[in-house]
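Here is a short briefing on how one protein chain packs. It covers cores, salt bridges and cavities.

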Amino acid sequence: MLDVGAPLPGTSQPAERADAARNRQLLLDAAQHLVREQGADSLTMDALAKRAGVGKGTVFRRFGSRSGLMLALLDHSDRKFQEAFIFGPPPLGPGAPPVERLVAFGRARLLDIEVAGELHRAAELGEAGDRYSGAPYGLLRAHVAMLLRQAEAPGEIPLVTDALLAMLGAPLVMHQMHVQGYTREQVGDNWESLVRRVVTR
């Protein structure tokens, strides 16, 4: 059974030893696989415990509730995405031409939204006015702006960056896929087409 540690008295965060932190990552990886295979509705505390081979109490001690699990999973997904585009292999990571990295960036983000769209949408709507001044958006914005500059894209880079990132907002992407009926591949193709137009002088 995984030992994920217990919260210290009077604190909201668990005291994580190296093995506890590793086991937390294993739980979140299991949760991510469960969502990808069966959808977000399948992610319950019972289902995760069974998938990870741990007791239900272990999952509750680590995340507190299903809502806490969902928030932890969103943070886990965002961190993995950030690591992939900063340090991962090309074309998403360093080593590919900037335009190819931009295309890969959008397609990878769309996959995340397809897998955990409700989480992303809730987070984006919950951030409201703070969304565009917060650190998560700031990191995405800096990365896209850097690639646009490397590609020598014309126009006001800050404005172009925000316009591109707007296409990857979870509420819009989910509307396109679930209401308008587009596939993730079609939305990704549209992203790629626009990126290539934007960087063409």
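Is D162 buried, partly exposed or exposed? D162 has a relative accessible area of 25%, so D162 is partly exposed; buried means under 20%, exposed over 50%, and partly exposed in between, with a 1.4 Å probe and protein chains only.

This is a predicted model: local features need pLDDT of at least 70, side-chain atom pairs count only at pLDDT 80 or more, and totals for chains, interfaces and linings use all residues. Residues are numbered from 1 along each chain as its sequence is written, and side-chain values use heavy atoms, with hydrogens and water left out.

**Nonpolar cores**

- The largest nonpolar core has 33 residues. Such a core is a set of buried Ala, Val, Leu, Ile, Met, Phe, Trp, Tyr and Cys residues joined through side-chain atoms within 4.5 Å.
- Two or more residues of this core come from each of α4 (66-87), α5 (98-127), α6 (135-150), α7 (157-166), α8 (170-178) and α9 (184-198). Helices here are DSSP runs (H or I, at least four residues), numbered from the N terminus.
- The largest share, 7 residues, comes from α5.
- F105, L148 and L164 have the most contacts inside the core. Contact means heavy atoms within 4.5 Å.
- F105 touches F81, F85, L92, L140, H143, V144, L165, L168 and W191, not counting residues up to four places away in sequence.
- A second, separate core has 21 residues, among them A30, L43, V54 and L73.
- In soluble globular proteins, nonpolar side chains tend to be buried together.

**Salt bridges**

- The structure holds 12 salt bridges. Each is a side-chain nitrogen of Lys or Arg within 4 Å of a carboxyl oxygen of Asp or Glu.
- R107 pairs with D189 at 2.6 Å, N to O. R107 is in helix α5 and D189 in helix α9, 82 residues apart.
- R107 counts as partly exposed because its relative accessibility is 27%. D189 also counts as partly exposed, at 45%.
- E192 meets R107 in a salt bridge as well, at 2.9 Å, N to O. This pair joins helix α9 to helix α5 across 85 residues.
- R141 bridges to D162 at 2.8 Å, N to O. R141 lies in helix α6 and D162 in helix α7, so the pair ties together parts that are 21 residues apart in sequence.
- R141 has a relative accessible area of 30%, so R141 is partly exposed.
- Shared partners join E100, R107, D189, E192 and R196 into one salt-bridge network.

**Cavities**

- A search of the whole structure finds 2 cavities of 30 Å³ or more. A cavity is a set of points, on a 1 Å grid over the protein atoms alone, where a 1.4 Å probe fits but cannot get out; lining residues have an atom within 4 Å of a point.
- A volume is the space filled by probe spheres set on the points, with grid points joined across faces, edges and corners.
- Q32, V35, L73, L74, S77, D112, V115, A116 and L119 line the largest cavity. The largest share of this lining, 4 residues, comes from α5.
- The second largest cavity holds about 40 Å³ of space. Its lining consists of R109, E124, R131, Y137, L140, L165, L168 and G169.

Methods:
1 Å grid on protein atoms, 1.4 Å probe; cavity = no way out; pocket = protein on both sides within 12 Å on 5 of 7 lines; lining within 4 Å.
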